[in-house]
Every structure is written in structure tokens, then in C-alpha cells.
Amino acid sequence: MASSHQRLSLILLISTLLIFLFTSPSLSSSDDFSWVSVSSVDPNRVTLSVYYETLCPYCSNFIVHNLLKIFENGLISIVNLRMIPWGNAVLRPDKTFQCEHGPAECVLNTVEACVITIYPRVDMHFRFIYCVEYLALEGKQTEWASCFDRSQLGKVPIDCYTSGFGNQLELRYAEETSLLNPPHTGVPWIVVNDQPLKEDYNNFVAYVCRAYRGSNVPEVCRSFQLSIDSTADEKPISPLCYVDEDKNTTPSSPGKKILSL
């Protein structure tokens, strides 16, 4: 059974969603995400895939404090960034989802999947994801709907969620995550081209720089210490939310069904 605290968090989360559905928030000039930008596409870009779940603190920390830097240091110019919000969730036979941090995480995973699909430009959907994960780190994830205003996006993803289309998107992410080879053992699970970084994910910049085969080498790669040839014992271990950790036992199905809880 979900704890009373988890149920209260879910109620607040859904209440926020419903309020947002029937209001039109004005844009706030105080929250400027103009720093997120992408320059011209490099055909030799390295694919950086981030498998994550929205309420895992290690995922939030990685996105807010580490992944953000690729937009600031120019690395995004050689990166094809893919965000896959499924993580350690489990798909039940009846197509309901069991998320590691409870039903509220299922809601946020699905909303972020909708944002990624509706706003495919990475500089657009990353603004929203960054905002939600920042709030999660602050323990304010129930304020997630404010991120549409802060990231200057419309509320179409809410319609995607309530229509059940977000459910279909999550099923695709579930399948992709299940096909990882080797299987992921936790999140954040970072893959550079076809190489999983496992617990060395905080060193992802070095892996991206080494994998890049183009001529437009960003300055960060020229000056970065490529410390990925050390032995496993020498590498720092970054924490994960592991697959086998206890999960909240309340299943949820993104879309209309979860709103009836």
C-alpha cells in the first residue's frame, strides 16, 4: 500500500494538473531559459542516451548539475541527446505501470514523454525536463506544471497525457529500455553511442569527446582531461537507483485512469 505521504503527494500532483488544465498561466520574464540553445547540426554527432526516471534523486542530480553543462560548454554541438523517461518502472500484464517512486513518478515520466514528443527540439524539451528535475531536487515536484510557464512551452502535453497518448509513448520507452544490452542495472543509465557508462556516468564528457570523429572539436574536448582509461578500481563510482530496490506497490496507468485515484 502506498503511504499516506505518497498518497498526499499524488493528490497534490494531480490537483496541480487539473488546475493547470483550466488556467492559462502568463509567461514569467524572471525565468529565462535562453541559455539552452543548439547550434548547427554536425553529421558526426555522438548519440548520448539518458535512461532515467523523474523522481530518482540521482537522475535529477545528474540532469541538473551535470547534463546541463553540455549546453553551456558547447558539447551539445557534437551530441545527439536522447532522453528516455522510463527508468526502473515495471510494465504489468494489464498494461498498468509500477514506478519505483510511486504513481506520482508515473505521471511525471509520462508528462515528460509527451513534452519530448511534442517539442522534439532538444533545446525546447530539455528546458522543461531541467525545470521539473530541479523542482524534484528541491522537494517541490508538485509544482511541476509551473515549468510550462518557465520554459515558455504551451500546455499541449497535458492533452497528450489526459488523452492516453502518453501511455503509448511510455510503452515505447519501456520496450526500448528492456532491449538494452547489457540490461540496465539502475538509473541514470547513460549510453554513449553503444557503450553503457554504468557507474562512471558522471565522466560522460570524456566518453563523448573520445567517441567524436568529426573535425568540429569543441573547446571542452580540447581542454578536458580524458580520464577513461583508468582501471575500474580507480574510477569513482556514481550512485544509481537500482533496478532491484523496493518499489511502491501501487500500480498506475498514465492518462485518464490515474486521475481517478
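Predicted model: local features only at pLDDT ≥ 70, side-chain atom pairs only at ≥ 80, totals over all residues.
Figure 1. Lys198 sits in the loop that links β7 (195-196) with α9 (204-211). Its phi is positive, about 55°, although Lys198 is not a glycine. Most residues other than glycine have a negative phi.

**Figure 2. Lys95, another lysine with a positive phi.** The loop between β3 (90-91) and β4 (97-98) holds Lys95. Lys95 is not a glycine, yet its phi is positive, at about 75°. Its relative accessibility is 45%, so Lys95 counts as partly exposed.

**Figure 3. The open sheet of four strands.** The strand order is β2-β1-β6-β7. Pairing in this open sheet is mixed. β2 and β7 stand at the edges. Each of these two has a single partner strand, so one side of each has no neighbour in the sheet. β1 and β2 run parallel, whereas β1 and β6 run antiparallel.

**Figure 4. Strand β1 between its two partners.** β1 covers residues 46-52. Seven bridges join β1 to β2. Four bridges join β1 to β6. Val50 can be followed to both sides. Its bridge partner in β2 is Met83, and in β6 Val50 stands opposite Ile190. Tyr51 stands opposite Ile84 in β2. In a regular strand the side chains alternate between the two faces of the sheet.

**Figure 5. Burial of β1 and β2.** How many of the seven residues of β1 are buried? Six are, so β1 is largely enclosed by the rest of the structure. Strand β2 spans residues 79-85 and is mostly covered. Five of the seven residues of β2 are buried.

**Figure 6. Helix α5 across the sheet strands.** α5 runs over residues 122-137, 16 residues in total. From its first C-alpha to its last, α5 reaches 22 Å, close to the 22 Å expected at 1.5 Å a residue. The helix lies across β1 and β2. Its direction is at about 45° to β2. Of the 16 residues of α5, 13 are buried, so the helix is largely enclosed by the rest of the structure. Gly139 follows α5, and its phi is positive, near 75°.

**Figure 7. Helices α4 and α8 cross.** Two packed helices are described by the angle between their axes and the distance between the axes. Here, α4 covers residues 103-118 and α8 covers residues 165-178. Their axes come within 9 Å and cross at roughly 90°. The two helices are therefore roughly perpendicular to each other. On the α4 side, the contact is made by Asn109, Thr110, Ala113, Cys114, Ile116 and Thr117. On the α8 side, Phe165, Gly166, Asn167, Leu169, Glu170 and Tyr173 take part. Which kinds of residue make up this contact of α4 with α8? Six are nonpolar, five polar and one charged. α8 also lies across β1 and β2, running at about 110° to β2.

**Figure 8. Ile118 and its contacts.** Ile118 belongs to helix α4. Its relative accessible area is 30%, so Ile118 is partly exposed. Which residues does Ile118 contact, leaving aside neighbours within four places in sequence? They are Val156, Pro157 and Cys160. Gly154 is 36 residues from Ile118 along the chain. The C-alpha atoms of Ile118 and Gly154 are separated by 9.9 Å.

Figure 9. Most peptide bonds are trans. Asn181 and Pro182, however, are joined by a cis peptide bond, with omega about 5°. Pro182 is in the loop between α8 and β5 (186-187). Val187 and Pro188 are also joined by a cis peptide bond, with omega about 5°. Pro188 lies in the loop between β5 and β6 (189-192).

How values were computed. Residues numbered from 1 in each chain as written. Heavy atoms only, no water. Axes fitted to C-alpha atoms, helices over the stretch in contact; angles between N-to-C directions. Parallel < 35°, antiparallel > 145°, perpendicular 65-115°, else oblique. Contact = heavy atoms within 4.5 Å. Nonpolar A, V, L, I, M, F, W, Y, C, P; charged D, E, K, R; others polar. Buried < 20%, exposed > 50% of the residue type's maximum accessible area, 1.4 Å probe, protein only. Pairing = 2+ DSSP bridges. Expected span 1.5 Å × (residues − 1).
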